[in-house]
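Me: Got a model open here and I'd like to talk it through. Can you take my questions as they come?

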Amino acid sequence: MASPVPHTFPSHSATAGTGPGGCPAALGTRAPLDLLDLFGDGFVRDPYPWLGRLQAEAPVHYDSGTGLWLVSRYADVRRV
């Protein structure tokens, strides 16, 4: 079995606003995915903006709040 390819996480800067579901606004800003709260109202009501951001910016993401690794792309999930 081949060893997994290491993933480099992008650096983020603070954002001024949020979009749907409490997701940090995507246009013109870069917010830390550390603001992700898997049990918060915003994520529970509408997780799709967060899931899209995870897929685009950090398809393998460690959530320090839960201690879980989140894998958000289908091909990566299949590989894992």
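Me: How many salt bridges does the structure hold?
Reply: There is 1 salt bridge in the structure, counting a side-chain nitrogen of Lys or Arg within 4 Å of a carboxyl oxygen of Asp or Glu. This is a predicted model, where local features need pLDDT of at least 70, side-chain atom pairs count only at pLDDT 80 or more, and totals for chains, interfaces and linings use all residues. Residues are numbered from 1 along each chain as its sequence is written, and side-chain values use heavy atoms, with hydrogens and water left out.

Me: OK, which residue does E57 form the salt bridge with?
Reply: With R53; the closest N and O atoms are 3.3 Å apart. Side chains of opposite charge can pair when their charged atoms come close.

Me: And how far apart are E57 and R53 in helix α2?
Reply: They sit 4 residues apart in α2 (residues 48–57), so about one helical turn separates them. Helices here are DSSP runs of H or I with at least four residues, strands are E runs with at least two, and both are numbered from the N terminus.

Me: Is E57 buried or exposed?
Reply: Buried, at a relative accessible area of 17%. R53 is buried as well, at 6%. The cut-offs are under 20% for buried, over 50% for exposed and partly exposed in between, with a 1.4 Å probe and protein chains only.

Me: Zooming out, what pattern does the protein chain follow?
Reply: Along the sequence it reads α-α-β-β-α, which gives 3 helices and 2 strands. Of the 80 residues, 26% are buried.

Me: In what sense do β1 and β2 pair?
Reply: Antiparallel: β1 and β2 (residues 68–71) pair over 4 bridges, where DSSP has to find at least two bridges for a pair. H61 stands opposite L70 in β2. The hairpin has 4 residues between the strands, and G67 takes a positive phi near 75 degrees there.

Me: Which side chains of β1 are buried?
Reply: The side chains alternate along β1 (residues 60–63).

Me: How many aromatic pairs does the search find?
Reply: Searching the whole structure gives 1 aromatic pair. The ring centres of Y62 and W69 are 5.2 Å apart with the planes at 55 degrees, so the pair is tilted. For the cut-offs, rings of Phe, Tyr and Trp (its six-membered ring) pair if their centres lie within 6.5 Å; planes under 30 degrees apart count as stacked, over 60 as edge-to-face and the rest as tilted. Y62 is partly exposed at 38% relative accessible area, and W69 is exposed at 54%.

Me: What about S72, where does it lie?
Reply: In the loop between β2 and α3 (74–79). S72 is buried, with a relative accessible area of 15%. Leaving out residues up to four places away in sequence, S72 touches L54, Q55, A58 and P59, a contact being heavy atoms within 4.5 Å.

Me: Last one: which residues form the nonpolar patch on the surface?
Reply: V71, V77 and V80, with about 270 Å² of accessible area together. V77 is in helix α3 and is partly exposed at 44% relative accessibility. Patch residues have over 30% relative accessible area and no salt bridge; like charges are joined within 9 Å, and nonpolar side chains (Val, Leu, Ile, Met, Phe, Trp, Tyr) within 5 Å.

Notes:
Areas by Shrake-Rupley, 256 points an atom, 1.4 Å probe, with all protein chains shown as cover.
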